[in-house]
Amino acid sequence: MPRTWTPVPSRWRWIASLLTVFLALAAATALAQGTKAMTFEDLMKFRAIQKPVIADDGSLVAYGAQPDRGDGEGVVHALASGQVFRIPRGSAPVVSDDGRWVAMVVKPSFAETERAGKTPPKPGMALLDARSGAVVSVDRVERLAFSSDSRWLAYLLSAPAEETKPAEGGETKKAATGTPLKLRNLASGDEIEIAGVTSFAFDRAAKFLAYAVAAPEGKGNGLFVRDLAAADQPPIAASQADEARYDQPTWAPEASVLAFVTAADEDAPATLVRWDGAARTARPFASSEQAPAGWVLPFKNTLSWSKDGARLFFGFKPAPPKPAAAAEKKEGAADPYDFDAILSKTEVDVWHWNDPRINSQQKKLWNREKDRTYRAVVHVADGRVVRLADLEMPDVETNDNPRYALGFSDVPYRKETTWGERRRDVYLVSLADGTRKPVTSALLDDASLAPDGGSIAFFDEGQWRVYAAATGATRNATAPLGVRLDDELHDTPDTPPAYGLGGWLADGSALFAYDRFDIWQVPVKGGAALNLTAGEGRRRDITFRVLPLDRDAPGFTSGEALLLSAYHNREKNDGFYAATVGRSGVTSRIDELHRFRFVAKAKHADAVMYTRQNFSEFPDLWVSDTAFRQPRKVTEANPQMADFAWGSPELVEWNSLDGLPLQGVLIKPANYHPGTRYPVIVYFYERMSDRLYEFNEPVVNHRPSFAVYTSNGYAVFLPDVVFDIGRPGYSATKCIVPGVQKLVDMGIADPKAIGLHGHSWSGYETAFMVTETNIFAAAIAGAPVSNMTSAYGGIRWESGLARQFQYEKTQSRIGGSLWEYPERYIENSPLFFADRIQTPLLIMAGDDDGAVPWYQSIEMYLAMRRLGKNCIFLEYRGEPHHLQKYPNKLDYSIRMKQYFDHYLKGEPAADWIVHGVPYNGK
């Protein structure tokens, strides 16, 4: 079991430097901490930064600051002046292109929401002038958008109440009526109101506003365009017909050309219309007449233009079956033996063994599939309509090249995904005529179309292969690299995935492939690859990755500066580095004992926004230039942090029972005194040591909040677990038990006060581990699997998928079917060894869990009850896999701490631990 850890001589220098780092970190952390112990009420008040944005010109940063419970606020920082603007309950900021105006969603107040019950009040909008600080507030806003010249704001009001009208068959259907659209002149504050609008869009040049109208009773329906140079003049009717329906106004990116769909009603075949802003004329672009036989152009559609405006993509779909005629009502008394009448009320689902998808998955996908469209394109120059996707190849991806698209089909493999890996056939699809050429079949990984359309890269058998569109030839582009490009640490039974691609050169001549550490620039037509990071990643155990500074660019150009993220795999900290396309080498920009997360780059300025964090530092927002010459902290979302005692993390190393080197994070309690032993909570999942410098989000949920425990006299341990296929249960035991023993040997852990907590996968591991060891004084298992033989045949109800693939190929790691390895299913099931358990066990599950069948918790509870074992089961009614209702989250958090306080600290047991809680009729 426990073993003496002895470092090999070659590692002494690294270990000594690492020890120095940790001592410095611990000292800095101790100096920064307060003395207050964290309570659950304190957790509720901590604020998360949500949906941060940086203005295109880099002049301001905006975000929502939302506490775990209660009212939040929107915050805007003007970076040059240092002014800070606050909007009560503001969230989801949108910034005008010139950086002057910020519009935010204003959430209903906490009090309003609590009073409203099941029908929540609707959000509003706040509009901030960042120059003057003036704020305009509007109730009931559904959607908003700025014009690109920052002169106009359009916002659509939501209906005051849901209006419904009877539909055929006794069902109800929403009335096809729009709501008021307000067009606001931002300079003057004047507004124009347009009635009955369902959708709207500004063109990129800010010349026009297009909007669809659905008026009461259909009188005045149409698609209208308002000339913004004469916004107070009557609109232009691009198309108008009473009772017709209009939607999807979509402007071409570089010209004032509009596309939209219209139909007699939402269920009727539609017409795609093009309106030219220069000529101010409209003409049909495509219709169901261009669809294949038995197909239609549906009203519910998705339109998108190519960047040059030469192609418009839309979708066809199979024509829906005509509804069956209603049976005539027979005169006289009802016939009790009328089979047609009786069977018309049948409620049965037929699960056929040869269905491509099982019935439960079909149900979950029904809404998506019934409205699915299959991609087509219309070429603007000559009006050609080309069908690209169909039932046999349903998925087509495009970029801005004018020649080809990338097609995918999972159709031949849908049945086997019930138990196996997900495969797809890949095709090169001609945009000119829709013809397709097979590229590869049964692909398990990713494929990517070059920006110029000249080649397709796909990952197969551990290598990136390149298919040439011109010749149809495929070559292995990465074999000469001599390094693995698939996940070296992969420990599930399925095929290891690629580390991925970092993008392409914009001309399609090279791709950027990742190995575990470095980035390679690989020519697609042959020739030597260039290690962009000069092998520094592999030499220094750093993982480099390209950051997307311009998400609109098709690819990179030769000589372009790149910003890279850098993760130190041993030390667990991050940095930002610079590299150059076409050159080998990296330059450190910033590299600290923190975790960094790139958020965004300002579109027209040399400014990046990112977060910085460690265990005791909240991930506030920072801004800097891309050289990181003067990084600047912008936000202070939780100034109260300085009042609390957080504890201090350090990296711990040990060997598993079979000699595998492992790491974990030990978070010492606040005000730690050397020589004192502390109760320890072991919290785990799979690999956890990368959390050394991560801030643990202070929220009330199904997990132990680390600060609550470390500020109240506990240590917390986050160990890595590496799995063996076929032995997932014992894998946790062999990795975690010697790690716990290491803490005992270090003089930190009280050997009689060690608790174990896991949820979902680690909930299963928790339930299993207590059948193999008595090292834990108490254990908590959230949503555990207890019996793999029954769970194997279950359904993941949230997706409708069978659970078989999970055991044969993914996380559950059995590696085969129940009939191939029956002994593995039994040996890895806690239920079959419940008689060995001597550890008090608390089980938690929601009885609407769509990931792990909650009856797995019942099986474990009943086994321990039958065996006279100390076990309590908390069933949260109507809850999914992760608790959602705040009262339940708080209740579980309190019970979790009461349980550990009793068994690990010896505090008096709460009454529910001793006597349970009788059913009270609720």
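Start by selecting T179 and V197: T179 stands opposite V197 in β14. Before you go on, note that this is a predicted model, where local features need pLDDT of at least 70, side-chain atom pairs count only at pLDDT 80 or more, and totals for chains, interfaces and linings use all residues. Residues are numbered from 1 along each chain as its sequence is written, and side-chain values use heavy atoms, with hydrogens and water left out.

A quick word on terms: helices (H or I, at least four residues) and strands (E, at least two) are DSSP runs, numbered from the N terminus. Two strands pair if DSSP finds at least two bridges between them.

Now colour residues 179-185, strand β13, and residues 191-202, strand β14; they run antiparallel and are joined by 5 bridges. Together β13 and β14 make a hairpin with 5 residues between them. Click on G189 in that turn, and you'll find a positive phi of about 85°.

Next, follow β14 along to its partner β15, residues 208-213: these two run antiparallel, with 5 bridges joining them. Pick out F202, which sits opposite L209 in β15. β14 and β15 also form a hairpin, with 5 residues between them, and A206 in its turn has a positive phi of about 60°.

Last stop: an open sheet of 4 strands, in the order β35-β36-β37-β38, with antiparallel pairing. Select β35 (501-504) and β38 (530-531) at the edges: each has a single partner strand, so one side of each is left without a neighbour in the sheet.
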